[in-house]
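Please read this note with the model open beside you, and look up each residue as it is named.

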Amino acid sequence: LEAGLRVDALHRRPEPVRLFVLPRASVLVRPGGGLTARVGGGLGYKAPTPFLEEAERRAYRGVDPVPERVAVERSVGGTVDVNYRGALGPVSLSLNQAAYLTRLDRPLVPFEAGGVLAFRTADGHVQTAGAETTARLSLSGVSLFLGYVYLDARRTERGQTTALPLTARHRTYTVLVWEQEGRARVGVEAYYTGPQRLSTGERTPGYLIAGLM
């Protein structure tokens, strides 16, 4: 069992100093047979800042600073993580299954106003639920990595729920590597990202990236 408590004092002039109490805890269980499991969770916060991806994409030109009236984002989340290490004959095997859930209250969201990128506090929340499955199989210097990520991210504002833009629900990755430690490494890799929705509501097709190393 591991637990911690963090207390931050945030001063945003002209507001008074605010205290944020952030507990967290996790439990690790080893039932044996190559299995381990961890469950954890905690609270978080983030002070408003204009240094976000949308502003960086514009090189911070035409970006309105975050106004003083926007709220501090607050979050609560938890994770479950199960690992297995074993063997299938001569093949060593490592499996990991993770799941997580996060809720972000009153998030900072960008919007266009007269050609200027501005920010406001959303009257709602963003909830993200996801799971990631990874596997590694190794034999005589050859390793195969397989992974799948499922992500369901939704924004709820004024009673309406929509999918979070630029967030693919499905992603996979595959990497095959041959390595002689200290001498050489050769591999092939492929990453697939599923369809996403843009902020305009348009749905983009999925795409594949492959490479040699």
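The numbered points below take up the fold, the salt bridges, the aromatic pairs, the surface and one further residue.

1. Basis of the note. This is a predicted model, in which local features need pLDDT of at least 70 and side-chain atom pairs count only at pLDDT 80 or more, while totals for chains, interfaces and linings use all residues. Residues are numbered from 1 along each chain as its sequence is written, and side-chain values use heavy atoms, with hydrogens and water left out.

2. Overall form. The protein has 1 helix and 15 strands, where helices (H or I, at least four residues) and strands (E, at least two) are DSSP runs numbered from the N terminus. Its radius of gyration is 22 Å, well over the 17 Å that the globule rule gives for 213 residues, so the protein is more spread out than a compact globule; the radius is taken over C-alpha atoms, and the rule is 2.2 Å times the number of residues to the power 0.38. Along the principal axes, the C-alpha atoms fill a box of roughly 65 × 45 × 40 Å.

3. Burial. Of the 213 residues in the protein, 25% are buried, a word that stands for under 20% relative accessible area, with exposed meaning over 50% and partly exposed in between (1.4 Å probe, protein chains only).

4. Salt bridges. The structure holds 7 salt bridges, each being a side-chain nitrogen of Lys or Arg within 4 Å of a carboxyl oxygen of Asp or Glu. One of them joins the side chains of Asp-8 and Arg-6, with 2.9 Å from N to O, and Asp-8 is buried at a relative accessible area of 13%. Another joins Glu-53 to Arg-57, whose closest N and O atoms are 3.2 Å apart. Both of these residues lie in helix α1 (residues 53-57), 4 residues apart, which is about one turn of the helix, and both Glu-53 and Arg-57 are exposed.

5. Arg-154 and Asp-152 form a salt bridge in which the closest N and O atoms are 3.0 Å apart. Salt bridges that share partners join Asp-152, Arg-154 and Arg-169 into one network.

6. Aromatic pairs. There are 2 aromatic pairs in the structure; rings of Phe, Tyr and Trp (its six-membered ring) pair if their centres lie within 6.5 Å, and planes under 30 degrees apart count as stacked, over 60 as edge-to-face and the rest as tilted. The rings of Phe-20 and Tyr-45 have centres 4.3 Å apart and planes at 5°, so this pair is stacked. The pair links distant parts of the chain, with Phe-20 in strand β2 (residues 18-32) and Tyr-45 in strand β3 (residues 35-46), 25 residues apart. Phe-20 is buried, with a relative accessible area of 0%, while Tyr-45 is partly exposed at 24% relative accessibility. Phe-51 and Tyr-60 form an edge-to-face pair, 5.6 Å centre to centre with 65° between the planes; Phe-51 is exposed at 60% relative accessibility, and Tyr-60 is partly exposed, with a relative accessible area of 38%.

7. An open strand. How many residues of strand β15 are buried? Of its 6 residues (207-212) the number is 0, so the strand lies largely in the open. Strand β12 (residues 184-193) runs antiparallel to β15 and is joined to it by 6 bridges, and strands count as paired if DSSP finds at least two bridges between them. Tyr-192 has Leu-208 of β15 as its bridge partner.

8. A nonpolar patch. Val-142, Leu-176, Trp-178, Val-186, Val-188 and Leu-212 form a nonpolar patch on the surface, with about 540 Å² of accessible area together. Patches are made of residues with over 30% relative accessible area and no salt bridge, with like charges joined within 9 Å and nonpolar side chains (Val, Leu, Ile, Met, Phe, Trp, Tyr) within 5 Å; accessible areas come from the Shrake-Rupley method with a 1.4 Å probe, and for residues only the protein chains shown count as cover. Strands β11 (170-180) and β12 each supply at least two residues of the patch. Leu-212 lies in strand β15 and counts as exposed at 75% relative accessibility.

9. A further residue. Phe-111 lies in strand β6 (residues 108-113) and is partly exposed at 31% relative accessibility. The C-alpha atoms of Phe-111 and Glu-54 are separated by 9.6 Å, although the two residues are 57 residues apart along the chain.
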